[in-house]
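The sequence and structure are shown below.

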Amino acid sequence: MTRPASDARSAGRLTATVTLRSCSRLSRTASGLLESWSLPGVQRVCADAAWLPLADGCADLVWSNLMLQWSPDPGRLFAEVRRSLRPEGSFLFSTFGPLTLTELRSAWGAVDAGSHVSDFIDMHDLGDGLLAAGFSDPVMASQLIPLTYTDVRALMMDLKAWGTDRAPGPPGSG
């Protein structure tokens, strides 16, 4: 589906691209899954999503699954995706919304005023960011998917696998 550029972006045609903000953020489970994922004609790409190693206008489709929320600058990421897409290309993504982890946020709020739970961007703000990056007529939809855990440990293990085991600092704080 995507065609890489020259040099490190070897000649040829990609049928799928996996792009992650930082490979070092991957949990062992996710990293192992990525390494074991293999399909004929599919080439994996691990790169900073704000600086994709793709030629201008080479991609028919960019797909991002649960990565956008970890970007310190979604506007930069959207601009980079737009740069990489052909004029008729599509950008599909899933991400967490502001209602994600509300129960955990509320529980921590009863303990102290600290920020212990990640905040997630509202879909309307994401749509505005897409427009600002040059996308036309973005279609945004949300779906609430409740997850139930048997105990706090199970929740914490899931959060750790997502990479949300601590609240992020201000953008650029590492």
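G97 is partly exposed, at a relative accessible area of 24%. The model under discussion is predicted. It contains 5 salt bridges, and those described below involve residues of helix α2 and strands β1 and β2.

**Surroundings of G97**
- G97 lies in the loop that runs between β2 (85–94) and α3 (102–109).
- Leaving aside residues up to four places away in sequence, G97 touches F120 and I121.
- Q69 is 28 residues from G97 along the chain, and their C-alpha atoms are 8.5 Å apart.

**Salt bridge between R83 and D56**
- The closest N and O atoms of R83 and D56 are 2.4 Å apart in a salt bridge.
- This pair joins distant parts of the chain, with R83 in helix α2 (residues 74–84) and D56, 27 residues away, in the loop between α1 (28–36) and β1 (59–65).
- R83 is partly exposed at 25% relative accessibility, whereas D56 is exposed at 59%.

**Salt bridge between R86 and D60**
- R86 and D60 form a salt bridge through their side chains, with an N to O distance of 2.4 Å.
- R86 belongs to strand β2 and D60 to strand β1, 26 residues apart, so the pair links distant parts of the chain.
- R86 is buried at 12% relative accessibility, while D60 is partly exposed at 24%.

- R76 and E80 form a salt bridge, their closest N and O atoms lying 3.5 Å apart.
- Because R76 and E80 are 4 residues apart in helix α2, about one helical turn separates them.
- E80 is buried, with a relative accessible area of 5%, and R76 is partly exposed, at 24%.
- A network of salt bridges links D56, R76, E80 and R83.

Note on methods: Residues are numbered from 1 along each chain as its sequence is written. This is a predicted model: local features need pLDDT of at least 70, side-chain atom pairs count only at pLDDT 80 or more; totals for chains, interfaces and linings use all residues. Side-chain values use heavy atoms; hydrogens and water are left out. Helices (H or I, at least four residues) and strands (E, at least two) are DSSP runs, numbered from the N terminus. Buried means under 20% relative accessible area, exposed over 50%, partly exposed in between (1.4 Å probe, protein chains only). Contact means heavy atoms within 4.5 Å. A salt bridge is a side-chain nitrogen of Lys or Arg within 4 Å of a carboxyl oxygen of Asp or Glu.
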